[in-house]
Amino acid sequence: MTAYLAKRLIIAAITLVLASMVVFAVMEILPGDPARLMLGFNASADQVEQLRNQMGLNAPIVLRYLHWASGLLSLDFGRSYTYSVPVIDLVRERVVVSLPLALIALALSTVIAVPVGVFSASRQGRAGDALAMGAAQLGVAVPNFWFALMLIYLFAVWLRLVPAGGFPGWGAGIWPAMKSLLLPAVALALPQAAILARVARSALIEVLNEDYIRTARAKGLPYRAVLWRHALRNAMIPVLTILGLQFAFLLAGTIIIENVFYLPGLGRLVFQAITQRDLIVVESVVMLLVAAVIAVNLLVDFSYAVVDPRLRGRQ
């Protein structure tokens with residue numbers, strides 16, 4: 001088990017270094033000059049050049065990368081060009097919105113998808129299976145921003161049960177903050193639940209056709225016990241894979257939903273930083289999200305070994 005985890009950690013570290021190089025290189029080739037945007041287009045060339053020197057933008061690209069990468073290791077992400085505050089402070093303010101939103105959406109997705117997948121697999125070829133998979137296909141096809149608009153109209157405009165947008169902050173209380181995150185979480189969770197339900201169904205159907213499942217049934221075990229205790233656990237590896245990918249998407253891919261609901265999260269911060277050419281914010285937030293994705297994948301790999309001990313012996 002130790003060798004298995006050590007191998008995964010080495011791969012994760014190499015991936016993180018390569019990702020940092022790619023992110024830095026992409027930011028460098030984007031059009032636009034941060035110094036020019038900060039000073040305005042009426043500023044003289046000397047003023048722009050002086051600001052570029054102050055910001056370190058004229059230093060060699062290798063030195064700038066090493067300076068930025070070493071800062072990431074110590075959580076010193078530099079100062080925002082636009083807000084003139086440390087980037088880490090901006091991240092702290094926004095992650096308390098994006099992280100709970102992603103976790104709530106992931107929990108909702110799992111709670112919806114796994115029972116639907118089990119229900120559909122246990123009724124393969126029947127009306128219940130067709131109905132569940134039809135709903136899942138609809139959930140895959142419809143974009144989450146459309147779900148968001150429909151949820152706003154139904155629950156915020158018509159029924160007036162929850163706010164249509166904004167975030168009061170956790171200082172206003174747990175329930176007001178959770179109410180403001182509920183609709184965005186549902187809008188994010190529904191398409192992901194549809195994908196996860198289809199994967200869970202396919203994995204369960206494959207497991208239910210295995211010889212050991214037929215043997216368990218032949219020994220007289222109730223079908224419900226075979227389904228939930230034996231088949232579901234052995235079908236969890238593809239489900240865990242999708243869950244890991246979904247959490248990464250929910251954490252990093254909330255730009256549209258956060259803008260629809262006007263939530264001050266990381267997605268909205270990245271969107272604003274891109275429009276303002278605030279490269280240091282974009283680079284730092286993207287690398288934090290990359291690190292989060294890699295960490296989640298490590299947890300998924302560890303979960304594989306817990307769910308299926310045979311995998312530990314193969315490493």
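Student: Hi! Among contacts between residues at least 6 apart in sequence, what share joins residues at least 24 apart?

Tutor: Hello! In this predicted model, 72% of those contacts link residues at least 24 apart.

Student: Thanks. How many helices and strands does the protein have?

Tutor: There are 15 helices and 0 strands.

Student: And what box do the C-alpha atoms fill?

Tutor: Taken along the principal axes, the box is roughly 85 × 55 × 35 Å.

Student: What percentage of the residues is buried?

Tutor: Of the 315 residues in the protein, 43% are buried.

Student: Let's zoom in on a helix. What can you tell me about the length of α10?

Tutor: Helix α10 covers residues 223-234, which is 12 residues. From first C-alpha to last, α10 reaches 16 Å, close to the 16 Å expected at 1.5 Å a residue.

Student: Which residues of α10 are buried?

Tutor: Those are A225, V226, L227, A231 and L232.

Student: At what angle do α9 and α10 pack?

Tutor: Helix α9, residues 211-218, packs with α10 at an angle of about 155°, and their axes are 10 Å apart. Angles over 145 degrees count as roughly antiparallel, so α9 is roughly antiparallel to α10.

Student: Is the crossing left-handed or right-handed?

Tutor: Right-handed, as α9 passes α10.

Student: Which residues meet there?

Tutor: From α9 you have Y212, I213, A216 and R217, and from α10 they meet Y223, V226, H230, A231 and N234. The residues of this contact divide into 6 nonpolar, 2 polar and 1 charged.

Student: Where is L75, and is L75 buried or exposed?

Tutor: L75 sits in the loop between α4 (61-73) and α5 (87-122). With a relative accessible area of 51%, L75 is exposed.

Student: What about D76, where does that one lie?

Tutor: D76 is in the loop between α4 and α5 too. Its relative accessibility is 48%, so D76 counts as partly exposed.

Student: Why does 48% give "partly exposed" for D76?

Tutor: Because exposed requires over 50% and buried requires under 20%, with partly exposed in between; D76 has 48%.

Student: How far apart are D76 and I237?

Tutor: They are 161 residues apart in sequence, and C-alpha to C-alpha they are 37 Å apart in space.

Student: Back to phi: what value does Y262 have?

Tutor: Phi of Y262 is near 55°, again positive in a residue other than glycine. Y262 lies in the loop between α12 (255-260) and α13 (266-275), and is exposed at a relative accessible area of 56%.

Student: Since you mention α13, how many of its residues are buried?

Tutor: Helix α13 is mostly covered, with 7 of its 10 residues buried. Those are L266, G267, R268, L269, V270, Q272 and A273. After α13 comes R277, whose phi is positive, near 60°.

Student: Last one: is S98 buried or exposed?

Tutor: S98, found in helix α5, has 1% relative accessibility, so S98 counts as buried.

Student: What is S98 in contact with, leaving aside its neighbours within four places in sequence?

Tutor: S98 contacts L251, E258, G265, L266 and G267. Among them, L266 and G267 are buried residues of α13.

Definitions and conventions
Residues are numbered from 1 along each chain as its sequence is written. This is a predicted model: local features need pLDDT of at least 70, side-chain atom pairs count only at pLDDT 80 or more; totals for chains, interfaces and linings use all residues. Side-chain values use heavy atoms; hydrogens and water are left out. Helices (H or I, at least four residues) and strands (E, at least two) are DSSP runs, numbered from the N terminus. The expected span of a helix is 1.5 Å times one less than its number of residues. Buried means under 20% relative accessible area, exposed over 50%, partly exposed in between (1.4 Å probe, protein chains only). Axes are lines fitted to C-alpha atoms, for helices over the stretch in contact, and angles run from 0 to 180 degrees between N-to-C directions. Angles under 35 degrees count as roughly parallel, over 145 as roughly antiparallel, 65 to 115 as roughly perpendicular and the rest as oblique. A crossing is left-handed if the near helix is turned anticlockwise from the far one by less than a right angle, and right-handed if clockwise. Contact means heavy atoms within 4.5 Å. Ala, Val, Leu, Ile, Met, Phe, Trp, Tyr, Cys and Pro count as nonpolar, Asp, Glu, Lys and Arg as charged, and the others, Gly among them, as polar.
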